[in-house]
Amino acid sequence: MRELNYQLKQLCRRNRDGSYRTQADRERQLTLIANQLRALGYRKMNAQSLKPKHVEALVKHWQEGNLSVGAIKNRLTVIRWWAQKVNRQNVVARSNDHYDIPDRQFVTNVSKAQTVTAPDLEKVRDQHVRMSLELQQAFGLRREEAMKFQPSFADRGDHIALKESCTKGGKSRVIPLRNEAQREVLNRAGLLAGRGSLIPSSRNYRQQLRIYERHTANAGLSKMHGLRHAYAQQRYRELTGWLAPAAGGPTVKALTHEQKTIDRQARLTISQELGHEREQITSVYLGR
């Protein structure tokens with residue numbers, strides 16, 4: 001038996017949480033997950049070597065295979081159980097929003113957009129965390145992308161370029177620079193980071209992540225993924241001329257044929273700027 005499969009089976013045998021059916025379902029799903037990880041190229045794993053890249057690769061694989069939202073959430077619950085049992089809870093994001101997984105009903109048309117104001121930022125004591133939050137808000141970046149952001153590389157004048165090594169799924173992308181507010185944020189990020197990133201040279205990513213989580217929590221800031229929702233809704237209004245459904249605008253069904261064409265093109269643009277391949281995922285941010 002492969003090492004990971006064997007160790008996960010042993011983990012299940014030592015930790016009999018839940019009913020017999022729950023235990024059996026968990027062991028079956030972990031066996032499936034171990035097989036999928038191997039098929040995705042992770043051939044030398046053990047139970048202790050679970051990392052964020054493994055979780056993200058699995059979620060991407062499930063989404064591309066059109067697995068239902070409920071099934072994906074159930075599998076993430078199993079992975080969180082695995083991570084907790086090997087004391088690697090931080091490997092899996094607490095919120096499914098991090099993986100752009102919508103609610104089971106797919107679209108609620110209820111906005112999850114958030115903003116950070118100047119008074120909010122003043123409560124964040126670490127200057128690198130403050131700057132990362134500003135980049136998340138200005139460009140719709142994911143948390144990790146904003147932390148690993150290198151202004152000296154990214155700033156291309158009329159757009160920013162994100163390295164493959166800093167993005168989810170390892171896909172480089174560009175995001176347009178559209179206003180003076182973005183330029184001002186980018187200039188200040190450059191002054192702070194110099195030739196480096198928004199992770200100080202004295203820290204690694206994991207250390208900076210803990211600092212980010214602690215300082216945002218102390219400042220009363222949570223669910224900062226909502227900054228991406230706000231970015232998407234702002235871009236949608238710019239590109240279409242009307243509010244997104246989640247922000248109180250018309251549903252797609254209510255649009256004219258011409259407006260539906262504009263809507264689809266706007267969603268494709270926003271999907272690319274957010275680092276997605278599928279137009280459908282924009283429903284999570286914009287509603288439908």
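Predicted model: local features only at pLDDT ≥ 70, side-chain atom pairs only at ≥ 80, totals over all residues.
Residues are numbered from 1 along each chain as its sequence is written, and side-chain values use heavy atoms, with hydrogens and water left out.

**Cavities**
- A search of the whole structure finds 3 cavities of 30 Å³ or more.
- Lining residues have an atom within 4 Å of a point, and those of the second largest cavity include Glu145, Phe149, Phe153, Leu162 and Cys166.
- Two or more residues of this lining come from each of α8 (151-154) and β1 (159-162), with helices (H or I, at least four residues) and strands (E, at least two) taken as DSSP runs numbered from the N terminus.

**Largest pocket**
- About 860 Å³ of space lies in the largest pocket, a pocket being an open set with protein on both sides within 12 Å along at least five of seven lines.
- Of the 32 residues that line the largest pocket, Ala93, Arg94, Ser95, Arg143 and Glu213 lie nearest its centre.
- At least two lining residues of the largest pocket are supplied by each of α3 (52-64), α7 (143-147), α10 (205-218) and α11 (226-240), and α10 gives the most, with 7 residues.

**Helices α1 and α4**
- The axes of helix α1 (residues 3-14) and helix α4 (residues 69-85) come within 11 Å and cross at roughly 80°, which makes α1 roughly perpendicular to α4 (angles of 65 to 115 degrees).
- Leu4, Leu8, Leu11 and Cys12 in α1 meet Trp81, Trp82 and Lys85 in α4, contact meaning heavy atoms within 4.5 Å.

**Positive phi values**
- Most residues other than glycine have a negative phi.
- Asn66, which is not a glycine, has a positive phi of about 60°; Asn66 lies in the loop between α3 and α4 and counts as exposed at 69% relative accessibility (exposed means over 50% relative accessible area, with a 1.4 Å probe and protein chains only).
- Lys223 has a positive phi near 50°, is found in the loop between α10 and α11, and counts as exposed at 70% relative accessibility.

Key:
Axes fitted to C-alpha atoms, helices over the stretch in contact; angles between N-to-C directions. Parallel < 35°, antiparallel > 145°, perpendicular 65-115°, else oblique. 1 Å grid on protein atoms, 1.4 Å probe; cavity = no way out; pocket = protein on both sides within 12 Å on 5 of 7 lines; lining within 4 Å. Points joined across faces, edges and corners; volume = space filled by probe spheres on them. Buried < 20%, exposed > 50% of the residue type's maximum accessible area, 1.4 Å probe, protein only.
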